[in-house]
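Here is a short walk through one protein and its ligand. Have the sequence and the 3D view side by side.

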Amino acid sequence: MIRFLVCFLCFLLTASGKSIQRNELLDEENPEFWRSQAQATLNSALRRKLNTNVAKNIVLFLGDGMGITTITAARILKGQLEQRPGEETIMTMDTFPYVGLAKVYTVDFQIPDSGATGTAYLCGVKTNLNIVGLSAAARNGVCRSQTGNEVTSILKWAKDAGKSVGIVTTTRVQHATPAASYAHSSSRKWYSDADMPAAAKRDGCTDIASQLISNTDIDVIIGGGRKYMTPKDTVDPEYPTDLKSAGMREDKRNLVNEWINMKEGKVVRYVWNKTEFDAVDAKTTDYLMALFEPGDLRFEVERDPLMDPSIIEMTEKAIRILQKNPRGFFLLVEGGRIDQGHHASRASMALHETVALDNAVARALELTNEEETLTVVTADHSHSLSFNGYPFRGNSILGKSPVYGTDMLPYTTLMYGNGPGYKIINNKRPDIRKVDTKSKDYVQLAAVPLDSETHGGEDVAVLARGPMAHLFQGINEQNYIAHAMAYAACVGTNQNHCYTVQSSALNMH
Ligand SMILES: *[C@@H]1O[C@H](CO)[C@@H](O)[C@H](O)[C@H]1NC(C)=O
Ligand SMILES: [Zn+2]
């Protein structure tokens, strides 16, 4: 009882001053506010018409590690960045009319990684942890298990159907998510030949960077990952004195130059900085490779806007180049560092990355037409992030619960099940009363110590808009996504419906 009273006192003390001004929410005290808002939602649901067009274009936005908790928290952050309470914010992805859930387990693991999940939602086949572009008959890291077990992705199916194709990511372009769209590798970590064990090379397996230029003919490649493309010790143009940024390839190949030479007769651009990127004329460019960092790009809030474009600018450039093809395009856009923010348990980073991804979705919707473009937003897997406590309305999403723990210490409303944020000293949690938990570098508390916080295993959301978006409803296996997208666009093997459906896009075939 005493404990309860003390805590109630802390509650009142913290509450005064920190809660948002009541008058900001006066409308919400009027029941008519909620009734008319719900009626408007109802009307728009009743007016919704099935869009059974053939999708000329597909844009797939993948938030790496963007679980539903991350979506909710990012939504609140987005509103709070605009000085609103935040909870009522409508992100662009929130406006998608159809939502389903995807089950993310792999054939061998309950909680997945980005390689196996990428293989599921891009190639349509579930596989084993750590594998990209191979079925579950292949074994993690075993080169000899690859032959005959290759599975192709919707990126290839779209290219084979005459569409233009592209990948945009905030990580290195050889990272698991983009790799699953073009590579076949029993290890997602074989970025360059220097990352491969000698036995795998001897057995004839090739690294992911070399597959980037030799498998599907990709029109637009934007992200990071220069060092995997150039010979060992090639000085990096941006960080000439940093050895870790230098080229890595032991086979001495320069994949950028090889790629340029392969596209003879076409307008081909390779750029590594923002000035050159901005100068790329989408109207005349056939092929673009843009690699802005030796490895992954910087977090959005730490990005140098003079050197690297944002995910919004990268998405726009990709769409403008790809949409010149009258047969349409497939574009994969990955917000790849949401995941890395979570692994470091820097929730601020993960949420700002998610807001940036949502802004990229908004830009894509502006540049495309819902009648002919299927846009899907999903995640590969979740994280151990939890959103808890009883914060007041408008409490900073990076802030603290007004009610303290029974140890008489406050806690942040975002925390992790495990990770680097475990800090129990002398049986006590750290006292964060004077700590600025909104700092971009703040590491949220974790219950179990780990150097890197882990993924989470619950279902992820699948949001869809445009032709056949209604196929993305219900709770389905994650590999269904590739099949539904292919059906919508009439690419891949299931095309029986493609010659009976009325569609403007069909006239192009
Ligand atoms: C951008 O790249 C071009 C081509 O390599 C180079 O000439 C230019 O100096 C670079 N700009 C910056 C700001 O580094
Ligand atoms: Zn991860």
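In which helix is Ser 114 found? Ser 114 is in helix H4, residues 114–123, where helices are DSSP runs of H or I with at least four residues, numbered from the N terminus. This is a predicted model, in which local features need pLDDT of at least 70, side-chain atom pairs count only at pLDDT 80 or more, and totals for chains, interfaces and linings use all residues. Residues are numbered from 1 along each chain as its sequence is written, chains are lettered from A and ligands numbered from 1 in the order written, and side-chain values use heavy atoms, with hydrogens and water left out.

An unreviewed UniProt entry annotates Ser 114 as "active site"; such annotations may be inferred rather than shown by experiment. Ser 114 counts as buried because its relative accessibility is 1% (buried means under 20% relative accessible area, with a 1.4 Å probe and protein chains only). Leaving out residues up to four places away in sequence, Ser 114 touches Asp 64, Arg 188, Asp 380, His 381 and His 455, among others; contact means heavy atoms within 4.5 Å.

Arg 188 lies in the loop between helix H6 (176–182) and helix H7 (198–202). At 12% relative accessible area, Arg 188 is buried. Its side chain makes a polar contact of 2.9 Å with that of Asp 113 (a pair of N or O atoms within 3.5 Å, one able to donate a hydrogen and the other to accept it).

Turning to the ligand, the residues around ligand 1 are Trp 272, Asn 273, Glu 276 and Met 307, each with a heavy atom within 4 Å of it. An oxygen atom of ligand 1 is 2.3 Å from a side-chain N or O atom of Asn 273.

Terms used. Helix = DSSP H or I, 4+ residues; strand = E, 2+ residues; numbered from the N terminus. Buried < 20%, exposed > 50% of the residue type's maximum accessible area, 1.4 Å probe, protein only.
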